Amino acid sequence: MKTKNWGRMQRNKGSNFELEMKKLFEEALNIFVKRGNQTMGACQPDLATDDYWVECHHAKAPRIMSKIEQAIRDIKHPMNKEHRFKIPLVVFKKNRGEVWVCMPLFHFFQLRGNARKERIIEKAETNMEDNLKHYTEETCPQKVNTKKK
């Protein structure tokens with residue numbers, strides 16, 4: 001296998017996983033799921049719904065924390081003001097493994113309906129601000145066109 005094709009294979013694997021998850025979300029939850037514009041580079045979700053900012057990751061050794069940090073950083077970006085209150089969600093799969101979902105604990109409780117709504121909102125606002133305060137515009141720059149003329 002040629003080394004220069006390795007990057008393309010990984011992009012295709014990731015793209016196929018995103019498309020598979022988009023279809024699964026739409027069928028299982030009966031909701032519209034929009035796929036992020038991957039050519040825009042940073043600050044776009046892999047998948048977006050009305051409530052969730054979804055980052056997908058399919059790898060031999062998934063880096064879950066880096067995807068969580070990416071989702072939080074990108075939600076915070078000034079370009080994404082309409083997404084500010086979306087719940088960050090990481091969908092990941094180890095090669096030939098099971099698909100998993102990672103989300104903030106208080107949002108899981110909210111889904112289960114086992115927590116007081118006021119407490120969830122208070123905790124969500126506090127945690128989101130704590131998690132986002134160290135991210136700035138500079139940590140999520142716009143993609144620069146690097147093509148040579």
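Okay, housekeeping. Residues are numbered from 1 along each chain as its sequence is written, and side-chain values use heavy atoms, with hydrogens and water left out. As the model is predicted, local features need pLDDT of at least 70 and side-chain atom pairs pLDDT 80 or more, while totals for chains, interfaces and linings use all residues.

So, the sheet. We have five strands, open, in the order β1-β2-β3-β4-β5, with mixed pairing. Strands here are DSSP E runs of at least two residues, helices H or I runs of at least four, numbered from the N terminus; pairing takes at least two DSSP bridges. β1 (34-35) and β5 (99-102) are at the edges with a single partner strand each, so one side of each has no neighbour in the sheet. β3 (residues 52-59) and β4 (residues 87-94) run parallel over eight bridges, and Cys-56 sits opposite Val-91 in β4.

Now, salt bridges: a Lys or Arg side-chain nitrogen within 4 Å of an Asp or Glu carboxyl oxygen. The whole structure has three. Which residue does Arg-35 pair with? That's Glu-18, with the closest N and O atoms 2.8 Å apart. Arg-35 is in β1 and Glu-18 in helix α1 (residues 6-29), so the pair ties together parts 17 residues apart in sequence. Glu-18 is buried at 8% relative accessible area, whereas Arg-35 is partly exposed at 26%; buried is under 20%, exposed over 50%, partly exposed in between, using a 1.4 Å probe and protein chains only.

Lys-22 and Glu-26 also meet, at 2.7 Å, N to O.
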